[in-house]
Amino acid sequence: MAREADTRWFTEARFGMFVHWGLYSIPAGVWKGQVVRRNWYAEWIRAQAGWPEKPGIPKDEYDELLKEFNPRHFNADEWILEAKNAGMKYFLITAKHHDGFAMWPSKVSRYNVAEATPFGRDVCGELAAACKRHGIRLGFYYSHWLDWEYPGGCLPPWPKQPEDPVVRQPSQEAFERYWTEKCLPQVAELIASYDPAFMWFDNWEKAEHLTPGRIEQLIGVVKKLSSSCLVNSRIGTTWNHPEGDKLVDYFSMYDNTFPEKGPDFAWETSATMNRSWGYHQADFEWKPTRQLLRHLVDNASRGGNFQLNIGPMADGRIPAPSIRRLREIGAWMAVNGEAIYGTQTCPSPEPAWGRITMRRDGGKTILYLHVYDWKADAQLTIERIAGKAVTARVLETGQAVQVAREGDSISITLPKECPDERIAVVAVEVEGAA
Ligand code: FHN
């Protein structure tokens with residue numbers, strides 16, 4: 001087994017949206033008046049409410065949320081257009097998170113949005129159709145390892161913190177039943193019904209239930225139905241398969257992790273805008289747009305993608321702080337997108353003043369200098385770069401920038417006018433191989 005699918009669309013896209021939405025969006029991080037703050041992950045409320053004294057919501061109590069799930073403002077086109085206008089090229093939705101609740105009318109389990117809630121609609125299907133309408137690639141998050149609804153699915157891998165209870169995991173036999181009765185058929189159903197461009201599985205450590213055989217089986221189910229559907233490393237290859245990540249199409253970093261150097265194949269970082277993935281009504285630690293933009297540029301300059309999460313509210317609306325950030329990023333991308341999409345890493349060392357992305361275009365090369373700290377008249381040097389620097393201009397405004405070769409480096413002089421304090425881009429055209 002080896003990676004064969006074409007990941008070009010993915011690496012060229014560089015930027016996508018992640019969405020965590022489900023029953024947990026109703027309590028939104030607060031259970032019986034108590035803010036759930038073990039790690040601020042609102043989608044973990046079923047396991048973390050009452051923590052540390054008495055963690056966990058009994059299933060019948062959690063299932064009361066089913067009666068309440070009726071998001072009257074949900075509009076798939078609005079979400080997809082919000083992603084598209086932010087400059088994102090793909091969209092990933094939690095088809096099933098750890099609570100085991102399916103966001104499509106699954107024939108495998110009645111624990112799904114169409115049959116078990118008054119809403120009665122096919123969330124995944126509506127989003128798939130909207131993605132198609134707006135030219136956005138679709139992916140599904142599927143929690144294959146943890147499933148807190150179906151007997152035999154794995155439970156929280158605790159204790160992790162001193163206050164965590166000891167959790168007794170299901171037997172291998174019980175997990176096998178869950179695996180063959182729910183996990184594999186649901187994944188097959190998702191691929192057959194909606195033809196996603198990629199699947200995002202979720203495991204982040206050594207797990208005795210994710211055996212090499214099971215991992216191969218799951219990859220096999222995906223690839224048999226769609227050889228072009230990409231599979232991420234969080235299926236468990238990193239920690240649980242002797243052949244490692246060469247079995248998968250792209251590497252997913254751990255949450256909010258931005259490496260100085262990524263692996264030598266396609267990779268991405270998924271990140272939150274505040275601390276939680278699902279909507280958390282008491283999490284006010286929102287990251288500034290400048291930081292989110294820098295994550296995008298950092299990763300792009302190092303050969304990786306950025307998958308930015310939003311947690312819509314239970315009624316289907318996207319929280320205002322997320323909307324503002326998406327639109328600010330979109331405004332930046334509208335003028336600087338060419339410095340992101342389809343670019344490569346630059347062979348010259350990473351500079352102290354910012355980052356460099358690069359595009360080869362026939363005989364010429366364009367270097368995009370992402371300036372993090374603009375100072376009027378400052379000289380910026382791009383070290384160890386071949387070719388003849390021809391022109392340089394501020395990407396947003398077109399203002400000409402002075403450029404010169406000095407030995408094996410190119411240097412530019414920044415004009416007084418900084419177009420964007422967060423990240424301003426200067427495009428330098430180089431003739432011949434850079
Ligand atoms: O436990 C999940 C968490 O809820 C969230 O879905 C993130 C997204 O990367 N993945 C797991 C933790 O890493």
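Reply: A quick definition to begin with: a polar contact is a pair of N or O atoms within 3.5 Å (within protein, one must be able to donate a hydrogen and the other to accept it, and residues adjacent in sequence count only if both atoms are side-chain atoms). Bear in mind that this is a predicted model, where local features need pLDDT of at least 70 and side-chain atom pairs count only at pLDDT 80 or more, while totals for chains, interfaces and linings use all residues. Residues are numbered from 1 along each chain as its sequence is written, and side-chain values use heavy atoms, with hydrogens and water left out.

Now the site itself. In the side chain of Trp44, an N or O atom sits 2.8 Å from an oxygen atom of the ligand. His20 also has a polar side-chain atom by a ligand oxygen, at 2.7 Å, and for His98 the distance from a polar side-chain atom to an oxygen of the ligand is 2.7 Å. On its own the ligand has 330 Å² of accessible area, and the protein covers 99% of that (areas come from the Shrake-Rupley method with a 1.4 Å probe; for residues, only the protein chains shown count as cover).

As for the shell around the ligand, its residues split into seven nonpolar, three polar and four charged. Here Ala, Val, Leu, Ile, Met, Phe, Trp, Tyr, Cys and Pro count as nonpolar, Asp, Glu, Lys and Arg as charged, and the others, Gly among them, as polar. There are 14 residues around the ligand, and those that come nearest are His20, Glu43, Trp44, His98 and Asp202; being near takes a heavy atom within 4 Å.
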